[in-house]
Amino acid sequence: MNGLSTILIVVGLFLLGGIYSFVKQQMPKGLIALVAFGAAMCLGAGVLRLDVWA
């Protein structure tokens with residue numbers, strides 16, 4: 001696991017926490033969807049950068 005994949009996974013998990021917080025605060029659904037998309041992209045990129053696939 002290299003540094004960039006670790007950072008991407010941590011940022012994705014941070015954004016997932018933000019989604020939970022936004023849902024609890026009843027923020028607009030569009031904002032929640034945007035943050036969810038960003039979290040999914042960060043987590044996906046972090047997992048795909050792992051060297052276990054080779």
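**View 1. Leu43 sits in helix 2**. This is a predicted model. At 23% relative accessibility, Leu43 is partly exposed, because buried means under 20%. Look next for Leu16. It is 27 residues from Leu43 along the chain. The C-alpha atoms of Leu43 and Leu16 are separated by 9.7 Å.

**View 2. Helix 2 runs over residues 29-48**. It has 20 residues. From first C-alpha to last, helix 2 reaches 28 Å. That is close to the 28 Å expected at 1.5 Å a residue. Which residues of helix 2 are buried? They are Ile32, Val35, Ala39, Cys42 and Gly46. Seen down the axis of helix 2, these buried residues fall within an arc of 95°, so they line one face of the helix. Now turn to the face pointing away from that buried side. There helix 2 carries the exposed residues Lys29, Gly30, Leu34, Phe37, Met41 and Leu48.

**View 3. Gly44 of helix 2 and Ser5 of helix 1 are shown together**. Gly44 is partly exposed, at 28% relative accessibility. Ser5 is one of the buried residues of helix 1. Along the chain, Gly44 and Ser5 are 39 residues apart.

**View 4. Helix 1 runs over residues 3-24**. It counts 22 residues. Its first and last C-alpha atoms span 32 Å, close to the 32 Å expected at 1.5 Å a residue. The buried residues here are Ser5, Ile9, Gly12 and Ile19. Viewed down the axis of helix 1, they fall within an arc of 65°, so they line one face of the helix. What does the face turned away from the buried side carry? On helix 1, that face holds the exposed residues Ile7, Phe14 and Lys24.

**View 5. Leu4, Ile7 and Val11 make a nonpolar surface patch**. The patch covers about 250 Å². Leu4 belongs to helix 1. At 42% relative accessibility, Leu4 counts as partly exposed. Ile7 is among the exposed residues on the face of helix 1 turned away from its buried side.

**View 6. Gln26 lies in the loop between helix 1 and helix 2**. Is Gln26 buried or exposed? At 71% relative accessibility, Gln26 counts as exposed, because exposed means over 50%. Check the backbone too. Phi of Gln26 is near 55°. This is a positive value in a residue other than glycine.

**View 7. Arg49 is found in the segment after helix 2**. Its relative accessible area is 39%, and Arg49 is partly exposed. Compare its position with that of Val23. Arg49 and Val23 are 26 residues apart in sequence. From C-alpha to C-alpha, Arg49 and Val23 are 30 Å apart in space.

**View 8. Two spans carry a "transmembrane region" annotation from UniProt**. The record is an unreviewed entry. Its annotation covers residues 6-23 and 30-48. In the model, residues 6-23 are 100% helix and 0% strand. The end C-alpha atoms of residues 6-23 lie 26 Å apart. Residues 30-48 are also 100% helix and 0% strand. For residues 30-48, the end C-alpha atoms are 27 Å apart.

Terms used: Residues are numbered from 1 along each chain as its sequence is written. This is a predicted model: local features need pLDDT of at least 70, side-chain atom pairs count only at pLDDT 80 or more; totals for chains, interfaces and linings use all residues. Side-chain values use heavy atoms; hydrogens and water are left out. UniProt positions are given in the numbering used here, feature names are shortened, and annotations may be inferred rather than shown by experiment. Helices (H or I, at least four residues) and strands (E, at least two) are DSSP runs, numbered from the N terminus. Patches are made of residues with over 30% relative accessible area and no salt bridge: like charges are joined within 9 Å, nonpolar side chains (Val, Leu, Ile, Met, Phe, Trp, Tyr) within 5 Å. Accessible areas come from the Shrake-Rupley method with a 1.4 Å probe; for residues, only the protein chains shown count as cover. A salt bridge is a side-chain nitrogen of Lys or Arg within 4 Å of a carboxyl oxygen of Asp or Glu. Buried means under 20% relative accessible area, exposed over 50%, partly exposed in between (1.4 Å probe, protein chains only). The expected span of a helix is 1.5 Å times one less than its number of residues. The arc is that of the directions from the helix axis to the C-beta atoms.
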